[in-house]
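Please consult the sequence and the structure shown below while reading.

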Amino acid sequence: MVDMHPKKRVEIVMEAPALHRLTDALDKAGVTGYTIVSALAGRGLSGAWSREGLAGDAGRMVIVICIVDAARADAVIAGVHKLLARQIGVVTMSDVQVIRADHF
Amino acid sequence: MVDMHPKKRVEIVMEAPALHRLTDALDKAGVTGYTIVSALAGRGLSGAWSREGLAGDAGRMVIVICIVDAARADAVIAGVHKLLARQIGVVTMSDVQVIRADHF
Amino acid sequence: MVDMHPKKRVEIVMEAPALHRLTDALDKAGVTGYTIVSALAGRGLSGAWSREGLAGDAGRMVIVICIVDAARADAVIAGVHKLLARQIGVVTMSDVQVIRADHF
Amino acid sequence: MTSGFFDLAMQNILSPVVLFFVLGVGAALARSDLSIPEAIAKTLALYLMMSIGFKGGVEVAKTGLTAQMVRTAAAGIALSFAIPVVGFYLLRAISRLPAVDAAAVAAHYGSISIVTFVAATEALRGQGLPFEGHLVAVAAVMETPAILSALVLARRHAPSAADTREPIGPLLREIGLNGSVVMLLGSFAIGWITGPKGLEPVAPFLVDLFRGVLCLFLLDMGLVAGRGMRAGWKDLSAATLGFGIAMPILGALLAAALVPLTGLSAGGAAIFVTLAASASYIAVPAAMRIALPEARPSIYLTLSLGITFPFNLAIGIPLYQALAGFAVR
Amino acid sequence: MTSGFFDLAMQNILSPVVLFFVLGVGAALARSDLSIPEAIAKTLALYLMMSIGFKGGVEVAKTGLTAQMVRTAAAGIALSFAIPVVGFYLLRAISRLPAVDAAAVAAHYGSISIVTFVAATEALRGQGLPFEGHLVAVAAVMETPAILSALVLARRHAPSAADTREPIGPLLREIGLNGSVVMLLGSFAIGWITGPKGLEPVAPFLVDLFRGVLCLFLLDMGLVAGRGMRAGWKDLSAATLGFGIAMPILGALLAAALVPLTGLSAGGAAIFVTLAASASYIAVPAAMRIALPEARPSIYLTLSLGITFPFNLAIGIPLYQALAGFAVR
Amino acid sequence: MTSGFFDLAMQNILSPVVLFFVLGVGAALARSDLSIPEAIAKTLALYLMMSIGFKGGVEVAKTGLTAQMVRTAAAGIALSFAIPVVGFYLLRAISRLPAVDAAAVAAHYGSISIVTFVAATEALRGQGLPFEGHLVAVAAVMETPAILSALVLARRHAPSAADTREPIGPLLREIGLNGSVVMLLGSFAIGWITGPKGLEPVAPFLVDLFRGVLCLFLLDMGLVAGRGMRAGWKDLSAATLGFGIAMPILGALLAAALVPLTGLSAGGAAIFVTLAASASYIAVPAAMRIALPEARPSIYLTLSLGITFPFNLAIGIPLYQALAGFAVR
Ligand SMILES: Nc1ncnc2c1ncn2[C@@H]1O[C@H](COP(=O)(O)O)[C@@H](O)[C@H]1O
Ligand SMILES: Nc1ncnc2c1ncn2[C@@H]1O[C@H](COP(=O)(O)O)[C@@H](O)[C@H]1O
Ligand SMILES: Nc1ncnc2c1ncn2[C@@H]1O[C@H](COP(=O)(O)O)[C@@H](O)[C@H]1O
Ligand code: NA
Ligand code: NA
Ligand code: NA
């Protein structure tokens with residue numbers, strides 16, 4: 001059996017043009033890594049969008065997935081919150097188990 | 001420290017051609033939003049698939065992520081279940097924490 | 001109300017060239033299915049990457065999502081761990097509820 | 001159907017377009033990782049629609065709207081309604097396929113394959129044989145009626161599978177407004193409005209590149225067909241496989257019977273017969289996933305893309321041309 | 001601005017390029033699922049930059065660097081700074097739009113639309129009228145100053161919305177190095193270095209395909225514009241809609257006043273005036289999401305892409321050419 | 001290697017193809033967000049394979065299969081096996097690179113770069129120098145043997161890193177059937193079967209567009225190389241960097257020694273020598289991620305794509321042509 005260790009999974013749905021600002025903030029918050037996925041379409045309070053046909057970054061959303069240690073989670077969430085306060089987006093956090101604790 | 005609020009994260013893997021029917025159902029169920037990701041490939045009981053090379057929607061799957069309030073989760077799941085009963089797909093629900101409770 | 005059943009959600013961030021080896025391992029471990037998403041970019045201990053501009057598979061990561069029964073989760077994680085031990089990647093497991101227990 | 005037919009067939013089979021399809025099938029069966037990205041496959045398909053629509057419209061701009069066009073469209077719509085009925089009962093008679101699968105398969109054969117259309121026009125161009133430009137619009141109107149027929153058949157013969165709560169109206173509207181139909185008819189209209197003068201500046205893109213792009217698209221179709229064959233083979237009985245070859249010939253015969261009513265030229269008749277013989281593999285499969293989700297794609301896609309399409313590409317097209325030749329005379 | 005103008009306008013409106021835009025808008029409004037994948041849309045835009053940059057550079061290689069180029073660039077930069085100020089106060093005067101929205105809208109009109117530029121050059125080519133190749137570089141330098149103006153306006157009139165912690169320097173650097181500007185100026189430099197001899201081998205790709213690719217890109221722009229109209233309509237008052245037509249004309253008049261200082265030819269002046277009249281819809285929206293996130297895209301995108309772009313495409317371009325004709329004389 | 005060489009080198013360096021590569025590197029180093037979507041990059045690579053494969057096959061259709069082709073392929077395979085061995089021991093001698101990294105780097109140099117091949121053929125075309133069409137097939141067979149050599153070296157010198165449980169057979173099969181090899185050899189076969197008559201209708205796509213598309217692909221390669229340089233620089237010592245220039249020259253010398261055995265023309269010999277000097281950056285890196293996951297991509301990719309490729313593009317190609325000239329005489 002592989003040992004599992006509890007961590008936090010932070011998932012951020014956000015606007016593509018602000019992505020670099022977010023990853024800079026994550027880098028500063030000391031996270032060990034993150035993975036970005038391009039969302040295809042969506043709807044929220046500010047309406048529906050789709051990336052189809054867009055030649056630029058505006059109007060497109062990305063999902064940033066970041067596994068962090070619980071001890072660092074609050075700081076990460078606070079940093080993300082500050083940055084995205086005025087931006088369109090959704091931030092969620094959940095509990096996960098990872099196999100290599102020293103990686104995070 | 002940022003206040004976190006418990007919500008449900010519903011994740012639906014489903015066939016692309018039926019997507020509009022699902023989002024219509026979600027809209028009717030009163031969810032505040034959802035985000036769609038295009039899946040690249042997969043396998044299930046009905047076999048393997050890949051979106052590579054497909055000129056049309058058939059044979060392609062999408063993932064719909066929807067953060068909902070626990071109070072509304074049952075209704076959302078029921079609606080999704082009814083719609084996808086005869087469709088290929090997977091529906092999962094999990095616990096998450098969000099930062100802006102009023103958004104959902 | 002729809003009946004929900006507890007399962008495990010295994011999420012694997014891994015290098016694209018090794019994908020076939022992983023899905024073969026999952027097939028052997030007897031999972032009923034999985035869904036693959038193409039990641040856009042990311043950063044980890046071994047540096048940052050982006051799929052933009054890549055004509056080949058090297059340097060690109062994918063995310064494999066696999067819903068499994070708790071009874072089988074350990075075996076799946078062990079198989080994945082063995083395979084990815086020397087590969088770049090992240091493996092997480094979390095609790096989810098599904099609607100069709102017999103599917104997994 | 002003598003040596004002329006065999007010459008045409010050989011010439012057809014050894015054309016780059018067919019060989020690239022074969023390459024795709026071979027690569028998929030050998031499990032090569034060769035693949036065309038989805039975004040490209042989709043765009044190649046749109047490009048083909050844009051090109052043939054525009055060129056068809058320009059032809060009509062030259063000749064003007066004729067009664068022949070209306071008559072051909074009417075014949076096409078009638079065929080699209082009728083072929084699924086013939087196909088459904090034939091399939092039920094020769095195989096043990098459940099009614100819902102049979103209805104879904106039948107829908108594909110009533111509708112049309114635009115790439116088969118294109119391959120037929122290329123064969124004619126190779127021989128210097130002209131055909132009517134308005135056949136592009138006929139192809140577009142033949143896409144949808146078959147779906148209606150198939151749904152009626154399914155509701156009668158497999159009532160539990162054919163969800164009667166799903167209203168047919170919005171579904172037909174969705175299919176009628178699907179991207180490729182809009183691209184085809186929109187480009188047709190633009191070609192008609194702007195005429196030969198409008199075509200000129202865009203000809204290097206829409207005309208000159210056409211055959212090369214077609215090769216790439218057929219490579220992609222071969223890859224997808226080969227992938228489907230690998231997976232779908234086991235679900236197909238010999239009878240079902242036989243249907244994949246008998247049905248296009250049957251469709252062609254039905255169309256040939258209507259040719260005299262249309263007043264088409266020999267080239268146009270060859271295209272018209274080919275349309276009837278062709279089976280959809282993009283628009284109808286997507287519609288079936290919504291309207292008849294219990295029908296198995298492994299059956300209808302393997303038949304349409306894995307059996308009928310290659311048969312038509314290699315042997316059908318010269319055959320239908322010969323058939324149309326008899327019908328016109 | 002008599003019958004010659006109307007002929008030009010009609011010829012313009014019935015060109016394939018404009019008709020494909022109309023097709024896109026129509027398909028989006030009818031809720032067709034026709035769409036161009038994001039990867040293709042992005043690449044089509046890069047291709048257009050590569051082509052016009054390269055061709056512009058080759059022109060400059062023929063004529064050499066002139067004082068005229070420097071004067072035109074200076075005039076362009078001045079306009080890019082000034083137009084947002086005019087636009088902001090006009091918008092505040094005629095509508096109830098909050099200051100942050102008004103500043104964001106104003107930024108779009110000070111910057112430029114490269115597709116409008118291209119459409120204007122196509123119209124000139126249709127008439128055999130030459131224009132200065134260096135205008136491509138002028139277009140590039142006019143992209144960014146407007147954003148600076150708009151930020152200054154927002155910081156003064158909506159201090160809470162214009163985040164003063166966000167430093168302007170990196171933002172401007174980011175915009176100045178954005179992909180399309182680099183592609184445009186880089187291709188311009190390569191065209192200049194290699195000259196007509198360098199263009200020759202790549203001409204089938206960069207020159208011959210240009211108009212066909214443009215049609216496809218305009219179809220895509222129509223689809224995006226139509227989608228935006230469907231969503232954004234309700235946020236726009238009559239006054240705001242009117243601004244979408246009045247502002248480009250105002251911008252054109254300002255540019256026409258500067259034409260005599262530039263020494264441009266009639267063709268070049270038409271392009272220059274069109275640049276001033278055009279509104280950005282790719283670079284500036286992305287910058288606004290960062291610099292003024294509280295400004296609503298439904299307003300600035302609908303105005304720029306849904307009102308001003310089609311107006312310029314159909315009516316503006318011949319109008320600005322007429323205007324430039326007066327200014328040159 | 002006198003003034004003729006320098007003229008060729010200058011002409012080469014100032015060609016649009018090389019300048020677009022430079023633009024890409026510059027944009028990446030300046031952190032511009034210019035990028036080509038993955039789907040497009042992949043398709044551009046497939047297009048290049050399709051085009052050169054088809055054209056090569058057509059050439060062979062003209063001349064027929066010759067003993068020369070077999071001899072050249074044998075020489076190529078021998079080089080692909082031998083070069084990694086030379087490279088590995090050289091690298092171990094001059095640098096402190098761990099054995100697993102050295103083996104992975106060596107694999108890249110034994111294999112080939114198809115874009116370097118293409119750039120060499122373009123240089124020859126610019127001079128009107130013919131070359132043998134079958135070299136396309138020789139390029140394809142030189143892709144894989146190097147990987148086998150490198151794995152044997154790694155298993156001997158870094159047994160813990162070279163996973164001996166991973167069977168080599170399936171890996172080689174996977175590499176042999178990788179998408180670009182299949183596209184290259186498949187198109188070669190189709191060109192051979194259909195001959196010049198088959199090329200004609202697809203020439204506007206496969207021939208005329210080639211150089212323009214190549215520019216776009218080289219821009220993309222520049223962007224990826226620049227990104228890699230920014231990240232990988234710190235992992236590279238001076239000795240390793242020197243290897244990136246010494247090794248291609250060494251490979252070229254080895255190939256030049258074999259040229260007399262092949263019976264190639266001056267043009268063909270230049271291509272053959274260039275193939276040996278070129279280093280893989282698509283197929284081998286992917287294979288290394290599976291076979292030698294502990295080898296660092298920051299080292300082998302930076303060397304292959306960041307050092308050797310630009311060196312070959314700008315200076316190597318004319319150099320190897322001069323070298324081949326001596327070998328042929
Ligand atoms: N409840 C939700 N679940 C998942 N994604 C959401 C949700 N709400 C918003 N989003 C995503 O976030 C984007 C912006 O949301 P909003 O700020 O509400 O307009 C939407 O377009 C969706 O892609
Ligand atoms: N256990 C699973 N975990 C993750 N995705 C799954 C799972 N089972 C099925 N899927 C996804 O759902 C699709 C359809 O599944 P099925 O209905 O079992 O054929 C598959 O192709 C996968 O993409
Ligand atoms: N903490 C993390 N959260 C999410 N994704 C991660 C994390 N760490 C690494 N990754 C992903 O896994 C890849 C390889 O990580 P590494 O092995 O640390 O270089 C990264 O490029 C990311 O895409
Ligand atoms: Na048919
Ligand atoms: Na402007
Ligand atoms: Na080599």
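A polar contact is a pair of N or O atoms within 3.5 Å; within protein, one must be able to donate a hydrogen and the other to accept it, and residues adjacent in sequence count only if both atoms are side-chain atoms.

## Basis of the report

This is a predicted model, in which local features need pLDDT of at least 70 and side-chain atom pairs count only at pLDDT 80 or more, while totals for chains, interfaces and linings use all residues. Residues are numbered from 1 along each chain as its sequence is written, chains are lettered from A and ligands numbered from 1 in the order in which they are written, and side-chain values use heavy atoms, with hydrogens and water left out.

## Ligand 1

Residues from chains A and B surround ligand 1, so the site is shared between chains. Among the 20 residues around ligand 1 (a heavy atom within 4 Å), the nearest include A:Trp49 and B:His103.

A nitrogen atom of ligand 1 lies 2.9 Å from a backbone N or O atom of B:Ile67, and a polar backbone atom of B:Gly33 is 3.3 Å from a nitrogen atom of this ligand. The shell around ligand 1 comprises 11 nonpolar, 8 polar and 1 charged residues (Ala, Val, Leu, Ile, Met, Phe, Trp, Tyr, Cys and Pro count as nonpolar, Asp, Glu, Lys and Arg as charged, and the others, Gly among them, as polar).

## Ligand 2

Ligand 2 lies between chains B and C. An oxygen atom of ligand 2 is 2.6 Å from a backbone N or O atom of B:Leu45, and a polar side-chain atom of C:His103 lies 2.6 Å from an oxygen atom of the ligand.
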